[in-house]
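Work through the following exercises with the structure in view, and compare each solution with what you see.

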Amino acid sequence: MVDSAVYRDGRRVASPATLADTFRQLREQPDGMAWIGLHRPTESELHSLAAEFNLHPLSIEDALEAHQRPKLERYGDTLFVVLRAARYLDAPEEVEFGELHVFVGPDFLITVRHGAAPDLSAVRRRMEAAPELLSLGPEAALYAILDAVVDGYAPVVAGVQNDMDEIETEVFSGDPEVSRRIYELSREMVEFQRATRPLVGMLHGLMAGFAKYGTDEELQRYLRDVADHVTHTSERVDGFRQALTEILTVNATLVSQQQNAEMRALAEAGFEQNEEIKKISSWAAILFAPTLVGTIYGMNFETMPELHWAAGYPFAILLMAVVCTSLYIIFKKRDWL
């Protein structure tokens, strides 16, 4: 248990140290309201709350397991609200999500937090500083929690927008790591969308319930303002997802163009090397012809009739010249030289 308090007319009248003391002091305050804050509670703590406030078993099961999508459920005179809070971490440049379960009854509000966000102690201090608002009952505390969760989305949106700007710069600068960053941010935006999109319908349903049960008009106006902020955030998140899809497409196109340019450069280099090999091979063939003739007539066998010709030497020279010239003409026509 993080904090527990009993309020009357919007002012704290008791700060019990245990759940049992909270139950007892709430009974002693006929017009009081208990606000109990829990962080990753044990199963026995939740079952104790369920027995005292008649909480539905399904809502207790959800609060124990966590990993729920945002939703609003009514069990008799108790509301069960699941929220997904978010905060932007500057150092790793990533979004961290938390989960918050809220039980709202006629004279109590119970928060079950899974994760670091949101900071409910700040919400409690804000409400205690405005007793006229807190005196409106548990619905006022629920509004404050919703407002804190939604306000917490604004720094996340700003951080993501900064990441998007950096990614666009990296894409056009050819950073090889940008594809991974786009993928990771896309996954975060999927989670962010799951946190914000259901909240729009939830708040409209909650506003309808506030109107139906005659909740204070001022509180209804506050809730409508929260709903407007959620709608705006949800639209921004949808825009981020669409922009990331487009950036990923552009990045894939640029990577493909870069690969094509590299392949073209390799092909050109291979072509140039092939041309050089052709020239070297052509000259080697040309030089090989006189070497072959000279080698044959340099064997000095006595039975070789050409060795005794008077025209043997001029004939060998002429043969070398004819062969070399012929090879040169052939290779020149084929553009090897």
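Two strands count as paired if DSSP finds at least two bridges between them, and strands (E, at least two residues) and helices (H or I, at least four) are DSSP runs numbered from the N terminus. The model is a predicted one, in which local features need pLDDT of at least 70, side-chain atom pairs count only at pLDDT 80 or more, and totals for chains, interfaces and linings use all residues. Residues are numbered from 1 along each chain as its sequence is written, and side-chain values use heavy atoms, with hydrogens and water left out.

**Exercise 1.** Find the strands that pair with β3, and state the sense of each pairing.

Solution. Begin with the chain, whose secondary structure comprises ten helices and seven strands. Then turn to strand β7 (residues 108-114), which pairs with β3 in the parallel sense over six bridges, and here G37 has T111 in β7 as its bridge partner.

**Exercise 2.** Describe the extent of the chain along its principal axes.

Solution. The C-alpha trace spans about 140 × 40 × 30 Å along these axes.
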